[in-house]
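This briefing is intended for a reader who has the sequence and the coordinates at hand.

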Amino acid sequence: MSVEVAPAVVLNPKWYTVAEVAQLLGYGESKVRMLVIQGDLKSLKDGRSRRILPRWVDEYVEMRAAAAEERWAS
């Protein structure tokens, strides 16, 4: 008797928590919060929670990479 297993559904999150962004970037949560406070990483408040869109994480990474490339070019 064979049992059919439904295929796994992969959900792409619409936004991340601070903890998820910290894990993605290899940072601590306090560093991510500091980036938000300094305005380097965009975020929004959803009730009492802070949320960060995936594209904002990408924008932050691109900003950091561009700054590094400028330093290397000098």
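Which residue in β3 is the bridge partner of tyrosine 16? The partner is isoleucine 52. The model is a predicted one, and every value below is computed from it. The protein chain holds 3 helices and 3 strands, arranged along the sequence in the pattern β-α-α-β-β-α.

**Overall form**

- The radius of gyration of the protein chain is 17 Å, well over the 11 Å that the globule rule gives for 74 residues, and the chain is therefore more spread out than a compact globule.
- The C-alpha trace of the protein chain spans about 70 × 35 × 20 Å along its principal axes.
- Buried residues make up 20% of the 74 residues in the protein chain.
- Taking the contacts between residues at least 6 apart in sequence, 43% join residues at least 24 apart.

**Surface and charge**

- The protein chain has an accessible surface of about 6100 Å², and carbon and sulfur atoms account for 53% of that surface.

- The 3 strands form an open sheet in the order β1-β3-β2, and their pairing is antiparallel.
- β1 (16-17) and β2 (44-46) each have a single partner strand and stand at the edges, so one side of each is left without a neighbour in the sheet.
- β1 and β3 run antiparallel and are joined by 2 bridges; the pair of tyrosine 16 and isoleucine 52 belongs to this part of the sheet.
- β2 and strand β3 (residues 49-52) also run antiparallel, with 3 bridges between them.
- Aspartate 46 has serine 49 of β3 standing opposite.
- The hairpin of β2 and β3 has 2 residues between the strands, and glycine 47 in this hairpin takes a positive phi near 70°.
- As a general point, side chains in a regular strand alternate between the two faces of the sheet.

**Tryptophan 56**

- Tryptophan 56 is placed in helix α3 (residues 54-73).
- Is tryptophan 56 buried or exposed? Its relative accessibility is 14%, and tryptophan 56 therefore counts as buried, since the cut-off for that class is under 20%.
- Not counting residues up to four places away in sequence, tryptophan 56 touches Leu41, Lys42, Ser43, Leu44 and Arg51.
- Valine 21 is 35 residues from tryptophan 56 in sequence, and their C-alpha atoms are 10 Å apart in space.

- Lysine 42 lies in the loop between α2 (29-38) and β2.
- The relative accessibility of lysine 42 is 46%, and lysine 42 counts as partly exposed.
- With neighbours within four places in sequence left aside, the residues in contact with lysine 42 are Ile52, Trp56 and Glu59.
- The contacts of lysine 42 thus include isoleucine 52, the bridge partner of tyrosine 16, as well as tryptophan 56, which counts as buried.
- A C-alpha separation of 12 Å is found between lysine 42 and methionine 63, which are 21 residues apart along the chain.
- Glutamate 59, another contact of lysine 42, lies in helix α3.
- With a relative accessible area of 38%, glutamate 59 is partly exposed.
- Glutamate 59 and leucine 41 are 18 residues apart along the chain, and their C-alpha atoms are separated by 8.1 Å.

**Glutamine 23**

- Glutamine 23 is placed in helix α1 (residues 18-25).
- What is the relative accessible area of glutamine 23? The value is 69%, and because exposed means over 50%, glutamine 23 is exposed.

Technical notes:
Residues numbered from 1 in each chain as written. Predicted model: local features only at pLDDT ≥ 70, side-chain atom pairs only at ≥ 80, totals over all residues. Heavy atoms only, no water. Helix = DSSP H or I, 4+ residues; strand = E, 2+ residues; numbered from the N terminus. Rg over C-alpha atoms; globule rule 2.2 N^0.38 Å. Buried < 20%, exposed > 50% of the residue type's maximum accessible area, 1.4 Å probe, protein only. Contact = heavy atoms within 4.5 Å. Areas by Shrake-Rupley, 256 points an atom, 1.4 Å probe, with all protein chains shown as cover. Pairing = 2+ DSSP bridges.
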